[in-house]
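Hi everyone, thanks for making time for this. I'd like to walk you through one model, piece by piece, so please have it up on your screens.

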Amino acid sequence: MNRGVRHLALATGIFFTVLILYVTYIQAVAGERLYLNPLNPRLQAVEKETIRGTIYDRDGRVLARTVEIAGRLQRQYPFGPAAAQVVGYVSSRFGSSGLEAVRDGDLLGLTGWQRLSNMGRRLAGQVARGNNLYLTLDVELQKLATSLLAGRRGAVVALDPRSGAVLVLASSPTFDPNRLEEEWQRINSTAAGSPLLNRAIQGLYPPGSIMKLVTATAALEADPSLWQRDFYCPGYLEVEGWKLTCPRPHGHLTFEEAMMYSCNVTFAALALETGGDKFKETATLYGFNRLLEFELPVATSRIPEGLDTANLGEGAIGQGAVLATPLEMAMVAAAIANKGILMQPYLVEKVTAADGRPLWGAVPRVLQVVSGGEVAVRIKDAMVATVNGGTATAAGLAGVPVAAKTGSAQNPVGEAHAWLVAFAPASEPRVAVAVIVENAGAGGAVAAPIAREILAAALRR
């Protein structure tokens with residue numbers, strides 16, 4: 001009998017211990033996350049009683065603010081479609097998106113000690129106030145990128161390669177968050193082209209020839225003497241029954257000339273010589289097959305697991321099963337610009353209380369050392385030559401050395417996607433950019449002029 005009682009007491013003790021630990025976890029660890037879940041109906045009630053924090057760009061221009069109209073708090077977006085996918089929206093009918101959703105806790109003052117402070121204000125009959133976000137985004141550059149993409153599907157990303165700060169994160173088509181409820185049906189129609197999709201960070205595309213920058217990194221890291229080697233392109237490469245072609249036979253080429261004229265044969269051969277493991281390892285250093293820590297949800301760029309001869313050859317020139325976001329390819333350009341050091345991309349510069357007191361500030365940090373500095377300089381020099389006399393001449397700026405690489409990525413439907421990545425000034429890079437225009441053909445003809453305008457505007461600021 002006593003033994004049975006002891007077993008019962010032990011089981012009861014274990015049960016209550018587990019229950020206490022679970023309740024403690026819910027309260028102390030998961031409580032804030034669960035409270036801030038967009039599906040929590042209590043958030044809508046809090047929203048009505050809170051002056052939501054203001055979102056600013058890097059120069060203090062208002063991207064989102066709360067105003068009172070006819071006794072009702074209402075969210076306004078002064079730059080409308082230009083920053084819509086980044087800033088997002090708040091709607092009593094359709095929920096929230098973008099930073100408005102991801103940083104709900106900050107904007108409503110529901111994190112840390114402020115949650116208790118604002119609770120006290122509400123109990124006292126006062127209006128609670130959220131925190132303000134200051135972004136790294138430059139809204140003038142964002143507007144320019146949006147206008148350059150207008151009428152076309154695509155994206156523009158610009159980074160400061162020295163810090164990882166995001167200057168531009170533009171996606172087209174876009175929408176006006178000020179008219180969300182009136183235009184919801186049109187926005188979600190097939191003909192609208194998915195304006196709610198942020199192509200800059202969630203669009204996955206074959207990167208085409210700009211992937212040759214990754215291939216070049218892998219090959220030069222494995223054998224730096226490749227820079228001085230003579231290559232030969234007869235117009236095709238055939239290995240084990242698999243055949244790849246170039247638009248034309250390039251004949252004898254240096255490494256720099258292979259980059260200038262975007263020779264498929266040379267870079268596919270380099271990948272086969274370097275090996276799939278090294279190619280995949282280098283791509284991973286750049287960010288492929290890795291979940292990127294970022295303020296907004298980012299699709300993972302990917303390299304296929306199994307790289308046989310065909311997959312490796314196609315992957316080396318950005319075709320086949322290789323897929324990348326525009327943000328990922330901007331990171332590739334930024335790492336080369338920064339002498340092989342990839343900085344962590346970030347979008348929120350700082351958070352301040354309603355009265356202006358600083359609460360949090362971003363600290364730039366290294367995400368990955370991708371290559372040695374000499375390898376990055378070699379690739380940069382080849383990219384500069386590509387602008388000066390190769391496929392990217394349309395990206396050039398008068399008096400400013402620009403480094404760039406074009407890409408025309410084949411896809412199963414329609415024309416090729418037009419790509420270009422670039423950075424400037426090539427000697428001391430301050431901005432790196434990636435541009436994609438869907439189904440637009442040659443990157444040098446379509447994406448390069450857009451990149452040139454963004455680079456020029458960024459360097460004037």
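Let me start with a question: how far does helix α16 reach from its first C-alpha to its last? Helix α16, residues 326-337, has 12 residues and spans 16 Å. That is close to the 16 Å expected at 1.5 Å a residue, where the expected span is 1.5 Å times one less than the number of residues. When I say helix or strand, I mean DSSP runs numbered from the N terminus: H or I with at least four residues for helices, E with at least two for strands.

Two words on ground rules. This is a predicted model, so local features need pLDDT of at least 70 and side-chain atom pairs count only at pLDDT 80 or more, while totals for chains, interfaces and linings use all residues. Residues are numbered from 1 along each chain as its sequence is written, and side-chain values use heavy atoms, with hydrogens and water left out.

Back to α16, which is mostly covered: 12 of its 12 residues are buried. Buried here means under 20% relative accessible area, exposed means over 50%, and partly exposed is in between, with a 1.4 Å probe and protein chains only. Among the buried residues are Leu 327, Glu 328, Met 329 and Ile 336. Just after the helix, Lys 339 takes a positive phi of about 60 degrees.

Now to the sheet. Five strands form an open, antiparallel sheet in the order β10-β9-β21-β20-β19; strands count as paired if DSSP finds at least two bridges between them. β10 (166-172) and β19 (403-409) are at the edges with a single partner strand each, so one side of each has no neighbour in the sheet. On average, neighbouring strands are turned by 5 degrees against each other, direction ignored. Axes are lines fitted to C-alpha atoms, for helices over the stretch in contact, and angles run from 0 to 180 degrees between N-to-C directions.

Contact means heavy atoms within 4.5 Å. Helix α18 (residues 443-460) also packs on the sheet, touching β9 (154-159), β19, β20 and β21 (431-437), at about 30 degrees to the direction of β20.

Next, the aromatics. Rings of Phe, Tyr and Trp (its six-membered ring) pair if their centres lie within 6.5 Å; planes under 30 degrees apart are stacked, over 60 edge-to-face, and the rest tilted. By this rule there are 7 aromatic pairs. Tyr 56 and Tyr 134 have ring centres 4.5 Å apart and planes at 15 degrees, so they are stacked. Tyr 56 is in strand β2 and Tyr 134 in strand β8 (residues 132-135), so the pair ties together parts 78 residues apart in sequence. Buried or partly exposed, then? Tyr 56 counts as buried at 17% relative accessibility, whereas Tyr 134, at 22%, counts as partly exposed.

For contrast in geometry, the rings of Tyr 205 and Trp 419 have centres 6.2 Å apart and planes at 85 degrees, so that pair is edge-to-face. Tyr 205 and Trp 419 are both buried. There is also one aromatic cluster, formed by Tyr 89, Phe 94, Phe 175 and Trp 184.

What sits over the face of Tyr 134? Lys 350 does, at 4.7 Å from the ring centre. The rule asks for NZ of Lys or CZ of Arg within 6 Å of the ring centre and within 35 degrees of the ring normal. Lys 243 likewise lies over Tyr 236, at 5.0 Å.

That brings me to the last stop, a hairpin. β12 and β13 form it with 2 residues between them, and Glu 240 in the turn has a positive phi of about 50 degrees. β13 has a covered face, Trp 242 and Leu 244, and an uncovered one, Lys 243 and Thr 245. Thanks, and I'm happy to take questions!
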